[in-house]
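I opened this entry to look up the fold, the surface and two residues. My notes follow the order in which I checked them.

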Amino acid sequence: MLIQGSAIGDDEETLKLLDIIEDRYYLASQGIYGNEEEVIESTLEELRILETAYNDFSELLKEE
């Protein structure tokens, strides 16, 4: 996902989020910190929240 993130553009916040997600998953997959399933679920929840915020923001822009 991080490698594909470069195709998204230079949005520093997006790339930072992808980096955090990658680190979190790597640590869980290596048994260093956390549990893979919990990391996946928390990441999906974060992405759902971001999607909702993005959709709300997009709607505001359409209204203008």
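I read the elements from the N terminus on as α-α-α. I counted 3 helices and 0 strands in the chain; both are DSSP runs numbered from the N terminus, helices being H or I with at least four residues and strands E with at least two.

I noted that this is a predicted model, where local features need pLDDT of at least 70, side-chain atom pairs count only at pLDDT 80 or more, and totals for chains, interfaces and linings use all residues. Residues are numbered from 1 along each chain as its sequence is written, and side-chain values use heavy atoms, with hydrogens and water left out.

I looked up the accessible surface of the chain: about 5400 Å², with 55% belonging to carbon and sulfur atoms (Shrake-Rupley method, 1.4 Å probe; for residues, only the protein chains shown count as cover). Of the 64 residues, 11% count as buried (buried is under 20% relative accessible area, exposed over 50%, partly exposed in between).

I then checked Thr 43, which is in helix α3. Thr 43 counts as buried because its relative accessibility is 9%. Not counting residues up to four places away in sequence, Thr 43 touches Ile 21 and Arg 24 (contact means heavy atoms within 4.5 Å).

I looked at Leu 50 next, also placed in helix α3. Its relative accessible area is 43%, so Leu 50 is partly exposed.

Conventions:
Buried < 20%, exposed > 50% of the residue type's maximum accessible area, 1.4 Å probe, protein only.
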